[in-house]
Amino acid sequence: MKQLVFLFLFFTFYTTLAQSPQDSSYLTLDRIFASSEFRQDYQPPVKWIDNGESYIIIEKNKEGQNEMIEYSSSKSTRSIFLSSKQLTPKSKKEALKIEEFYMSDDESKVLIFTNSKRVWRSNTKGDYWVYDLSTNKLSQIGKDFEASSLMFAKFSKDNQFVAYVMDFNIYKEDFKSGKVTQLTTDGTIDIINGTFDWVYEEEFSCRDGFRWSPDATNIAYWQLDASQIGVFNMINNTDSIYSKIVPVQYPKVGRDPSSARIGIVDVNSGKTEWVKLKGSIVQNYIPAIQWINKDQLLIQQLNRKQNHLKVWLYNLSTKSTSLLYEEKEDSWVAIQYPDLSKSRWMGNDLTPVLGGSAVLRLTEDKWRNAYTIDLNTGKTTMVSPGDYDVASVAGNTSKLLYYHASPTSTAQRYLYSVDLKGNKKDQRITPSSYQGVNTYNVSPNGKYAFHSHTSGLEAKTVRLISLPSHKTIRKVITNEEFTEKLSKQTLPTVELISVTTEDGTVVDGRLIKPVNFNESTKYPVIFNVYGEPAGAKATDTFVGMWNIFLAQQGYVVIAIDPRGTPCLKGSDWRKSVYRQIGRLNIRDLGLAAKEIIKAPYIDTQRVGVWGWSGGGSSTLNLLFQYPYIFQAGVSVAPLTDARTYDNIYQERYMGLPQENMDDYVLGAPITHAKNLEGKLLLIHGTGDDNVHYQNAEMLVNELILQNKQFEMMAYPNRSHGIYEGENTRRHLYTLIFNFFERNMQ
């Protein structure tokens, strides 16, 4: 009993210390996580209309209800496009909460998505309403179906129908008559029509699984057969006195994926024709399809190892398929290129350019470059300059390609343009006054763009600009209130650094020095790591209130991006990690940390590390493989054995375990757990459908076997993001901070 009382007082003391009243220029965890004091404004959904001469954005009126507002792009004049009254159904008292909206091609109808419900990572089920501007009527689509059950509703090209997915089947609905026609009938939890299983959504960002043909006579769609996919059972122990099994179809490493094939259904007859592609429907993936014209469908096919991409042209009238383009790599061929300048949900379609005679593809040789692919001949033409990486595409016109890049600093992003015909003469558009990360949403006519900017201690701002002058037309998001509050805080300094390891590798990082920094003082340091191909940490974006808080508490905070991370440092940098995750990237992180802590102001006896997901795995590997550097680490939702993860992600970067199991074993944190010497806090959500809680328990067993002491926190029913439930984030970050305070002071 005495020991329990001591532990209670011990934890209470440190929790109180972390959140005690103090100078208002210093943060507390309560101010960050238990209030909205430092909440930033974010841009609501926006759509270009009239080829970019106007746009529609969601704003709230004085009563706090949604309205759709139209702005002219050139003069920024404002008018109400749809009022809250127009957006209020007769059966409701308030306007619809607009989560997303879409315009018909002729801009005579608006499709509104609302009342959404989560499916896997995103809210993709919900209700759909259509406002007809020609009749001034608001009506619900699929009104006879269960609430929040429709997915991916979209207008037909002739604007006569809307199609959607409900319970794994595709339906079409006539606007005028309200008649609903079911186009597929075999959909179940195993036979998936028009949408995707867990792993396609997670790793290919595929959610919407059907496409209207340009003449509105056919719909092309994916059909996945998940009947052979293993089911991973999560356990819900808290919502009832009896536990509940939560099953997830989840193809683990080395297991076959769902079979995938493409059907084309005639929307009048309901008959489906199946596209015949070469190769197994199980051992190949289909990450994208798109109509080129009413008779041709472009299909991207990727083999199981994901090192051979084929782009097929399917001719509907002749039912023939021809190979348009292919890529092969010794490592992997990327369908999407992860980058901080793009949304992962932008889709995998190849952008039509040059009047529809070609499509655009980013691909890698020495650098990542933009190429056009001629749809008649398959001829490729490099468009971008060729001597630096293209980060992502921002937009295009009939003549120009706009793209994000940063030839001299991988931490930053700027807008460039180049002629689409391949003269390779690039022009930087972003003015030098906007240092940091700049991203753009370019209008269809290329005359305007929404420009977002952020840097280390600057919140995101958004403005409408003209192109190519970059003149500001309208400030959309200023975050003035947030910036004013931030200015009253005692702030650290933020530096972008480069470190050369003993291997000769130059690794980039971001260094946050403690407030009131004194070169002669010895400070504890916390490394925040990720270290895998899906993301970078050492970026010139706003560092966040948590990192500012740590700097105010006297910590040096450092992020490092090793080889294998999606930095703009060439293809060899990114792909050197093939079959070496858990080894090469960890060596870079460990050796870079070894160099950094040589700085006279860092206390080498107080070196900590923490990370989430892949960063949680890196944290474990650093503690286990470099115990002489790191004294304490917090690993959140880590993958402790790569063999437990999904096949698409892990096999892309590590190969098939049937062929190179040793690489999986040598890179797994669990393999090196016996070397733990420092302090470890392991955190995981039991409802994690991404990196399963199984990983935590497997590592726990190994640590027990090796007689290694550690701390652990399980968050019941929380997913990979550990945010569900009241007070969860405050509790989580208090836990992390208190751990470092106990073990690094």
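The structure, a predicted model, holds one cavity of 30 Å³ or more. A cavity here is a set of points on a 1 Å grid over the protein atoms alone where a 1.4 Å probe fits but cannot get out. The largest cavity comes out at about 130 Å³, a volume being the space filled by probe spheres set on the points, with grid points joined across faces, edges and corners. Its lining (residues with an atom within 4 Å of a point) runs to 17 residues, and Glu532, Ile581, Gly582, Gly667 and Pro669 sit nearest the centre. Helices α7 (584-596), α8 (614-625), α9 (647-654) and α10 (657-667) each put in at least two lining residues. Helices (H or I, at least four residues) and strands (E, at least two) are DSSP runs, numbered from the N terminus. By class, the lining of the largest cavity has eight nonpolar, seven polar and two charged residues; Ala, Val, Leu, Ile, Met, Phe, Trp, Tyr, Cys and Pro count as nonpolar, Asp, Glu, Lys and Arg as charged, and the others, Gly among them, as polar.

As for the strands, six of the seven residues in β42 (residues 679-685) are buried, so β42 is largely enclosed by the rest of the structure. Buried means under 20% relative accessible area (1.4 Å probe, protein chains only). On one side of the pairing list, β41 (residues 632-636) runs parallel to β42 over five bridges, with Leu681 as the bridge partner of Val634. Strands pair if DSSP finds at least two bridges between them. Five bridges also join β42 to β43 (residues 711-715), again in parallel, and Ile683 stands opposite Met713 there. From β42 the chain passes through helix α11 (residues 694-705) to β43 in a right-handed β-α-β crossover, that is, clockwise from the first strand over the helix to the second with the strands pointing away from the viewer.

Helix α12 (residues 728-743) has 16 residues that should span 22 Å at 1.5 Å a residue, and its end C-alpha atoms are 23 Å apart, which agrees. The expected span is 1.5 Å times one less than the number of residues. Twelve of the 16 residues of α12 are buried, leaving this helix mostly covered; among them are Leu732, Tyr733, Phe737 and Arg742.

Residues are numbered from 1 along each chain as its sequence is written. Local features need pLDDT of at least 70, side-chain atom pairs count only at pLDDT 80 or more, and totals for chains, interfaces and linings use all residues, while side-chain values use heavy atoms, with hydrogens and water left out.

Terms used: 1 Å grid on protein atoms, 1.4 Å probe; cavity = no way out; pocket = protein on both sides within 12 Å on 5 of 7 lines; lining within 4 Å. Buried < 20%, exposed > 50% of the residue type's maximum accessible area, 1.4 Å probe, protein only.
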